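I opened the model to look up its salt bridges. My notes follow.

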There are 2 protein chains.
Amino acid sequence: MMMTPYEIQCATEIYAVMNEVSTREIESFAHELVAAAAAVVLPYFRRPLAIENKGKQHFDPVTEADRATERCLREMISARFPRHEIVGEEYGITTGSGPYRWILDPIDGTRAFMSGVPTWGTLIALYRDDQPIFGVMNQPFVDERFYAGIEDVWWARGAARRQLATSEQIELHGATLFATSPDMFSAVDEWPRFQALSRAVRLTRYGIDCYAYCLLAAGHIDLVVEAGLGIYDVAALVPIVERAGGVITNWQGGKVSGGQVIAAANPTLHAHALRMLQNS
Amino acid sequence: MMMTPYEIQCATEIYAVMNEVSTREIESFAHELVAAAAAVVLPYFRRPLAIENKGKQHFDPVTEADRATERCLREMISARFPRHEIVGEEYGITTGSGPYRWILDPIDGTRAFMSGVPTWGTLIALYRDDQPIFGVMNQPFVDERFYAGIEDVWWARGAARRQLATSEQIELHGATLFATSPDMFSAVDEWPRFQALSRAVRLTRYGIDCYAYCLLAAGHIDLVVEAGLGIYDVAALVPIVERAGGVITNWQGGKVSGGQVIAAANPTLHAHALRMLQNS
């Protein structure tokens with residue numbers, strides 16, 4: 001079960017007292033991390049960059065931009081919260097001794113990054129046990145930040161800030177569906193299911209990684225259905241989608257932790273899309 | 001045959017003398033158009049927007065944002081150059097009496113626009129007979145402009161400006177390939193050919209309309225292969241790709257005027273990709 005905002009706040013406050021830091025300080029630290037990550041990653045964007053393939057069966061690129069950004073984030077977190085666990089895409093798990101876990105994806109959308117497309121993002125989440133305290137997606141080239149905190153969920157760009165709220169689209173035939181790539185689905189099982197859903201919606205588009213979940217939270221699109229994700233791909237996006245009014249689960253309707261993911265603007269649309277995925 | 005830059009300059013200068021405007025004034029006017037289009041289109045982006053379907057067989061959206069932007073451009077051009085022909089995606093052809101033709105796509109990537117994704121662009125081109133004088137792609141939300149003029153070809157953002165130059169990637173197995181969507185290809189003939197090419201390259205990505213050709217001109221990606229385009233989708237992109245060092249043709253290797261398009265970073269890569277498309 002998801003914690004209520006009140007329960008999250010209680011848990012966070014207990015933690016803060018124990019650690020002699022306030023929730024405000026924790027949130028403020030989150031934005032320090034975002035700013036530091038942006039300063040590291042941006043000089044690499046659209047510059048010549050060595051690209052390694054860390055995939056065994058398919059092309060799975062990683063660059064020094066991913067690694068340098070994650071190292072920066074890990075160093076800042078370890079210095080400030082030495083007992084917290086850290087999970088990152090590039091450097092794995094640093095175990096901790098408490099209930100708190102940071103989940104990092106320095107560049108979600110490395111393929112977009114290496115292609116010069118400004119739809120990648122830096123993802124940072126803090127969880128207490130299995131409950132998100134906050135999640136943030138930052139796209140520093142366009143200068144857009146999507147943030148789900150303890151008290152609010154917002155989009156910001158420069159001085160502009162707006163509360164995030166999902167769309168009221170409840171019918172598949174009026175919905176806009178996104179996935180990062182057709183190649184992310186298994187050919188035999190997942191792709192036919194996705195295609196059945198795709199045929200039922202108004203518009204299907206590909207290509208924008210974490211940006212899609214954020215545009216769903218902002219009410220611009222209605223569905224994101226993906227597969228083959230890691231925990232670091234979704235951890236920061238779960239609170240952004242949920243606190244904006246959306247629903248995000250796996251393809252069985254259960255808690256999402258990577259793998260197959262379905263995010264919908266509201267519970268009704270989620271139920272329609274889930275039924276289509278399961279019965280195809 | 002393509003005109004040489006010298007021939008283009010001669011033609012433009014003859015025209016300018018005849019019309020008592022300088023080439024500098026024509027180029028300056030192009031950027032006035034870009035700024036005016038941005039002022040009209042931006043207030044519509046990520047705001048509630050009525051979306052009409054102008055497609056008969058498939059979803060082909062058009063919005064008031066497309067129409068208002070094109071009206072603005074047409075009015076400015078007609079006032080300044082009343083004898084020039086104007087071709088636009090939304091309002092068709094206004095015939096002229098000379099060799100000059102403006103080709104406009106107020107929002108290339110309307111599907112991205114309506115989804116809140118900042119990868120659409122305003123495309124403006126000026127042709128003399130069948131030769132491009134200049135072409136410009138402007139993405140006003142991200143604030144990026146890609147311009148191919150009489151003397152230079154550049155990318156600009158704020159005060160930053162860089163010359164555009166395509167990549168030196170000559171092998172398919174190291175190339176990055178883009179197309180806007182798998183849905184743009186005919187299932188029987190085009191999709192199998194595209195898939196054969198996709199299997200030969202390092203990375204295939206979908207989703208970014210005119211942005212892909214501009215990223216190719218800037219050297220970040222190596223191939224764009226699409227189908228079902230209109231003349232307004234490509235007219236501004238042809239000089240941007242060619243003057244940055246790339247090659248852009250139809251799938252038969254001939255002059256591109258919409259329909260099937262292949263753009264490559266250099267002649268060698270173009271020949272490899274064309275052979276793959278034709279022999280699959």
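This is a predicted model: local features need pLDDT of at least 70, side-chain atom pairs count only at pLDDT 80 or more; totals for chains, interfaces and linings use all residues.

I started with the side chains of B:Asp209 and A:Arg205, which meet in a salt bridge at 3.2 Å, N to O. My criterion for a salt bridge is a side-chain nitrogen of Lys or Arg within 4 Å of a carboxyl oxygen of Asp or Glu. B:Asp209 sits in the loop between strand E12 (203–206) and helix H6 (210–217) of chain B, and A:Arg205 in strand E12 (residues 203–206) of chain A, so this pair joins two chains. Helices (H or I, at least four residues) and strands (E, at least two) are DSSP runs, numbered from the N terminus.

I checked burial next. Buried means under 20% relative accessible area, exposed over 50%, and partly exposed in between (1.4 Å probe, protein chains only). B:Asp209 counts as buried because its relative accessibility is 12%. A:Arg205 is buried too, at 4%.

I then looked up A:Asp209 and B:Arg205: their side chains also form a salt bridge, 3.2 Å from N to O. This pair crosses between chains. Both A:Asp209 and B:Arg205 are buried.

Residues are numbered from 1 along each chain as its sequence is written, chains are lettered from A and ligands numbered from 1 in the order in which they are written, and side-chain values use heavy atoms, with hydrogens and water left out.

I logged ipTM 0.89 and pTM 0.91.
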